Amino acid sequence: MIGNLLRVKESELENYLKDSSLLLDRINNHDTEDANLVDIDKAWDGIIFLLTGQSIINSNNHPLSKILFSEQIIDEVQDLGYGPAHYLTPSQVSELNTQISVITANSLKPNFDPAKMTEVYPSVWEEEDGAFEYLVDGFSVVQKTYAEAAKNGEAMITFLS
């Protein structure tokens with residue numbers, strides 16, 4: 001399960017909310033590379049754990065879990081690999097960007113506890129050397145993506161594929 005973030009103009013988001021097949025077409029268009037679409041590999045649940053102290057299963061009420069799982073769904077019946085896409089409006093992106101922009105690797109380090117991460121996907125944290133660095137690298141991609149979206153007044157779409 002790969003975490004994906006897609007920066008879109010507000011008008012694009014509105015179009016996807018009206019007709020979710022347009023989003024599917026965009027994601028599945030392999031003819032051209034989409035510079036606004038990035039993936040964070042399998043780091044998504046580990047990033048949520050570093051931010052909230054819980055896996056996504058238990059952290060839905062935590063405001064920072066919204067960076068990947070806003071619970072605002074584009075189309076509940078559309079499956080982009082592992083469920084539907086979530087979205088945030090440009091103002092929500094800006095607000096979350098303000099919160100995550102000040103988070104550093106040093107501030108995340110105390111939350112990295114492989115013994116407590118046994119149910120955090122992909123459940124390899126105790127066995128993998130460099131696991132913390134992998135999560136920090138993924139979080140850095142999230143931070144950069146949110147910063148770019150906030151700077152451009154863009155919405156964010158997230159999904160697992």
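**Exercise 1. Classify the lining of the largest cavity: how many residues are nonpolar, polar and charged?**

Solution. 
- Step 1. List the lining. In this predicted model, the largest cavity is lined by Gly3, Asn4, Leu5, Ile40, Trp44, Leu68, Phe69, Thr158, Phe159 and Leu160.
- Step 2. Sort by class. Seven are nonpolar, three are polar, and none is charged. Gly counts as polar here.
- Step 3. Find the contributing elements. Strand S1 (3–8) and strand S4 (155–160) are the elements that give two or more residues to this lining.
- Step 4. The largest cavity holds about 40 Å³ of space. The structure has one cavity of 30 Å³ or more.

**Exercise 2. Describe the largest pocket: what is its volume, and which residues are closest to its centre?**

Solution. 
- Step 1. The volume is about 230 Å³.
- Step 2. The lining has 12 residues, and Arg26, Ile27, Asn29, Asp34 and Leu37 are the closest to the centre.
- Step 3. Helix H2 (residues 21–28) supplies the largest share of the lining, three residues.
- Step 4. By class, the pocket lining has three nonpolar, six polar and three charged residues.

**Exercise 3. Work out the sheet: what is the strand order, and which strands stand at the edges?**

Solution. 
- Step 1. Pair S1 with S4. They run antiparallel over six bridges. Valine 8 has alanine 155 of S4 as its bridge partner.
- Step 2. Leucine 88 stands opposite methionine 156.
- Step 3. Leucine 5 faces valine 38 in S2.
- Step 4. Read off the order. The four strands form an open sheet, S2-S1-S4-S3. Strand S2 (37–39) and S3 are the edges; each has a single partner strand, so one side of each lacks a neighbour in the sheet. From one strand to the next, the twist averages 20°.

**Exercise 4. Decide whether S4 is buried or exposed, and why it is enclosed or open.**

Solution. 
- Step 1. Set the cut-off. Buried means under 20% relative accessible area.
- Step 2. Recall the strand rule. Side chains of a regular strand alternate between the two faces of the sheet.
- Step 3. Check each face. Ala155, Ile157 and Phe159 are buried on one side, and Met156, Thr158 and Leu160 on the other.
- Step 4. Conclude. Six of the six S4 residues are buried, so S4 is largely enclosed by the rest of the structure.

Definitions and conventions:
Residues numbered from 1 in each chain as written. Predicted model: local features only at pLDDT ≥ 70, side-chain atom pairs only at ≥ 80, totals over all residues. Heavy atoms only, no water. 1 Å grid on protein atoms, 1.4 Å probe; cavity = no way out; pocket = protein on both sides within 12 Å on 5 of 7 lines; lining within 4 Å. Points joined across faces, edges and corners; volume = space filled by probe spheres on them. Buried < 20%, exposed > 50% of the residue type's maximum accessible area, 1.4 Å probe, protein only. Pairing = 2+ DSSP bridges. Axes fitted to C-alpha atoms, helices over the stretch in contact; angles between N-to-C directions.
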